[in-house]
Number of protein chains: 2
Amino acid sequence: MHNETFTLGIDIGGTNTVLGLVSWNGTCVEKTRFFTQECPSVEDFKMKLVAGISQLSQKNGAARNISGIGIAAPAARHIDGTIQSPANLQWGTIDIVRLLKPYYNVPVVLTNDSNAAALGEMKFGLARGMKNFVVITMGTGLGAGIVVDGRLLYGENGVAGELGHMTIEPGGRHCGCKRQGCVETYVSASGIRRTVFELLADSTEDSELRKISFNDLSAETIYELARNEDPVAVQAFNFTGRILGRVLSNTVAVFDPEAIILSGGLMHAGRLLLEPTTKAYHENVLKLHKKKAVILQSQLKDGEAAILGASSLIGDGGAVSENIPASPTMFQET
Amino acid sequence: MHNETFTLGIDIGGTNTVLGLVSWNGTCVEKTRFFTQECPSVEDFKMKLVAGISQLSQKNGAARNISGIGIAAPAARHIDGTIQSPANLQWGTIDIVRLLKPYYNVPVVLTNDSNAAALGEMKFGLARGMKNFVVITMGTGLGAGIVVDGRLLYGENGVAGELGHMTIEPGGRHCGCKRQGCVETYVSASGIRRTVFELLADSTEDSELRKISFNDLSAETIYELARNEDPVAVQAFNFTGRILGRVLSNTVAVFDPEAIILSGGLMHAGRLLLEPTTKAYHENVLKLHKKKAVILQSQLKDGEAAILGASSLIGDGGAVSENIPASPTMFQET
């Protein structure tokens, strides 16, 4: 087993940072995670990453063969390896590839988290064989990985696909990006929390949610309560789905994709979100599109799409790519 | 001169259909036009097209060498040569290539009018040398030709780029597509007419526009009055610009293009529309885009972008392409 080669996929999210050890066939064989927001500084964040990588790159004290590290992060620019002051991280621009590079003598590559999720779906998920599709990831924020004619849409400066920052409600909720009415202020784990508080303010309906403070409320709790038919929690998912359905119909008008795949933490809610979304999508989608894009829920294991996609940047599905020596360098920290 | 070879570019618009004779170097040497909406039937429309083609394909009674016909139309599908019941034409789906093919023994090709405009800008206009840009055409409706990585965005079924049918005002104005709040119900020649009537209803301000009926009002008149500082006409352009600016900032968030080029009849207004648009764009555009796309006004002669782009489908800028015999067939009606 010591000769088996792995890649490391890292998914930096607004809430969690997840590191995964990926085998040649796209299986995430081991994972570790830490809370992104508990790191007070970039230095601290870097050291937590290094510790996590250290943990995954060893087994029973022996070093594993690691052919490279693929990183997925919000607002990441693959062109220069930096993370550009994303709304949900507090450290400004991070030169992530240059920060980690000195520690490892294997390739370290970066891509946008949603682009990584799209790659993961294209290589190992529902988008296998598709040439035109959109993956929407809904975690702390909302991002999109868009594939046009079999290729990721990067744009002129590598920052295309910011569906989460399209204005869906003019003059609406304030966003971390300093604008108002962005999609992700409604359709994301933090967006649905805001929706719950709006609903609690608007209605007189009784709800378990009235017992929870804003800071203590998680999307997971809203989901659990909606499953138990808490009326406000159910309404929150219906409201979110109505907005998401409109976003999807706009996305179809612009991209005419074969499918839109929904993924990310918010999709834990499954049909509670999928049903109102699909209903609103069909009500809103342009009729001239005879073959309408199908709306699918990602079938990849929770949180693994971006890890698999990021790790696939290193080689083909975790295998050694042309850019890496046939006999990969032993993975070591310096 | 009889040996010179031309291509024919046809731009089918909701108001006018314009036919142009295009020389090898991308010059539109002769044009003819008719009112699209004055054709009661597809048969009548076809006969008007044939008459126009006839007119352009002769000079002093002698037949010109025509290497092919490129057609641009709203909601056109290049895949099967049909026009798919566009909101602004009243005849349902039109099998346009198959209708014209029997008359001519040269290639007849079709593309979306906005895609044709994008090709025109890429070959002969402001987008020369650009790889990522968006052309927005504002006539009776609003369309977009989107170029990603040097290639037109077609989508899975060839109907991508319908920016005009993104919902910009939820629950807003009714659209010909049977939905509400579509961009083109605000930002188009017909949209600004609706805006004028909304402003006349809302305010008590005196205006020359109060003397004109809805049916008699044209975007051109609004433009003329705005130039003479009619307050309602000026407000109408400011309102239109504010919405267009938001559309542009959304477009930049999604595509991260190098430039957005504005074209079509509504752009006759020039700075009257461009200034409020650019202002709203800069207020709304996502700050994380360090290099922001520039907003430009097409410099191609009025209405010629789509004609040039459509005709360029036949060969390279009107020259004979590989698909056409080196000695092009004499262009004749059967």
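Chain A superposes on chain B by a rotation of 180 degrees, with 0.0 Å of shift along the axis and an RMSD of 0.0 Å. The two copies are thus related as by a two-fold rotation axis. Within chain A, A:Ile168 has the C-alpha nearest that axis, at 3.6 Å. Keep in mind that this is a predicted model.

Now the interface. Of the interface residues of chain A, 100% are also interface residues in chain B, so the copies meet through the same surface.

Next, the sheet in chain A. It is open and mixed, with 5 strands in the order β12-β11-β10-β13-β14. At the edges stand β12 (151–152) and β14 (294–297), each with a single partner strand, so one side of each has no neighbour in the sheet. Further in, β10 (residues 133–138) and β13 (residues 259–263) of chain A run parallel and are joined by 5 bridges. In that pairing, A:Phe133 stands opposite A:Ala259 of β13(A). Helix α7 of chain A, residues 271–284, packs on the sheet and touches β10, β13 and β14. The direction of α7 makes about 170 degrees with that of β14(A).

Last, a helix pair. How do α3 and α8 of chain A pack? Helix α3 (residues 113–124) meets helix α8 (residues 304–312) at an angle of about 85 degrees, with the axes 6 Å apart. The two are therefore roughly perpendicular to each other. On the α3(A) side the contact includes A:Ala116, A:Leu119 and A:Phe124; on the α8(A) side, A:Ala305, A:Leu308 and A:Ser312 are among the residues. By class, this contact has 8 nonpolar, 3 polar and 3 charged residues.

Notes
Residues numbered from 1 in each chain as written. Chains lettered and ligands numbered in written order. Predicted model: local features only at pLDDT ≥ 70, side-chain atom pairs only at ≥ 80, totals over all residues. Heavy atoms only, no water. Pairing = 2+ DSSP bridges. Helix = DSSP H or I, 4+ residues; strand = E, 2+ residues; numbered from the N terminus. Contact = heavy atoms within 4.5 Å. Axes fitted to C-alpha atoms, helices over the stretch in contact; angles between N-to-C directions. Least-squares fit on C-alpha atoms with pLDDT ≥ 70 in both. Parallel < 35°, antiparallel > 145°, perpendicular 65-115°, else oblique. Nonpolar A, V, L, I, M, F, W, Y, C, P; charged D, E, K, R; others polar.
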